[in-house]
Amino acid sequence: MHDVPKTTTSVPGLRERKKQATRNAIAEAAVRLAAEHGVENVTVEAISEAAGVSPRTFFNYFPTHDDAFVLIDDEVGVRIRESVRRAPVGLAPLDAVREAFVAELDGFEDRQELWALQSTVFQRSPHLIQRGLNAHVADERALALAVTEWLDATRPDSEEPQDPGIYPRLLAAVSHTALRVAFEHCCDHPGTSVLSEAFQEAFVHLAHGLRRPTE
């Protein structure tokens, strides 16, 4: 049995961090402009100017105009997956995924406004919903693959990671659903709820098999 799960994790270098910062700046500018003026009224040139980059740089990060409104904080998913792959062998799978998410959610209130604005943009521009759903499904499947790799690394005589089965897919799906529910709860109770705490509460219910609450 492997003592430590396989991982290819490395700390992002300065160049990579700058690229992530530029990508985030473009996405944030796009969402804020769309929330104010509507997606159909926001051009690549306007987004680029607001983000302090050229239109050519915009297309280095986003294949199309609409992608900029959908792909915010996409590096968070990468870090969550790497955290899962590094999880201790003896940890329960539900705890491994929960801890990976919580590590990214601490202090997330600073980004909560942007997520809320993105939700508003999606509601006003239904054609983005399918694009957002595709991105969500891809992120969920990537998490299921990370769970599969971690589970395989904890099993004796493990070889190459297999395609995710029902268990990894279900774990990834309920984790994303728990995040969405926690986020919506915090939006409904501004100033009184912390996203990381609401998310952990959701996982307590999952760990208990969604039994009827006692209170």
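Is Cys186 buried or exposed, and what is its relative accessible area?

View 1. Cys186 lies in helix α9 (helices are DSSP runs of H or I with at least four residues, numbered from the N terminus), and Cys186 is buried, its relative accessible area being 0% (buried means under 20%, with a 1.4 Å probe and protein chains only). Neighbours within four places in sequence aside, Cys186 is in contact with Gln112, Ser193, Val194, Leu195 and Ala198 (contact means heavy atoms within 4.5 Å). Between Cys186 and Ala198, 12 residues apart along the chain, the C-alpha atoms are separated by 7.5 Å.

**View 2. The largest nonpolar core.** This core has 28 residues, and among those with the most contacts inside it are Val84, Phe101 and Leu143 (a nonpolar core is a set of buried Ala, Val, Leu, Ile, Met, Phe, Trp, Tyr and Cys residues joined through side-chain atoms within 4.5 Å). At least two residues of this core come from each of α5 (74-85), α6 (93-105), α8 (127-153), α9 (166-188) and α10 (195-207), and the largest share, seven residues, is supplied by α9.

**View 3. The contacts of Phe199.** Residues up to four places away in sequence not being counted, Phe199 touches Arg98, Phe101, Val102, Leu105, Ser175, Ala178, Leu179 and Ala182.

**Notes.** Residues are numbered from 1 along each chain as its sequence is written, and side-chain values use heavy atoms, with hydrogens and water left out. As the model is predicted, local features need pLDDT of at least 70 and side-chain atom pairs count only at pLDDT 80 or more, whereas totals for chains, interfaces and linings use all residues.

Technical notes:
Buried < 20%, exposed > 50% of the residue type's maximum accessible area, 1.4 Å probe, protein only.
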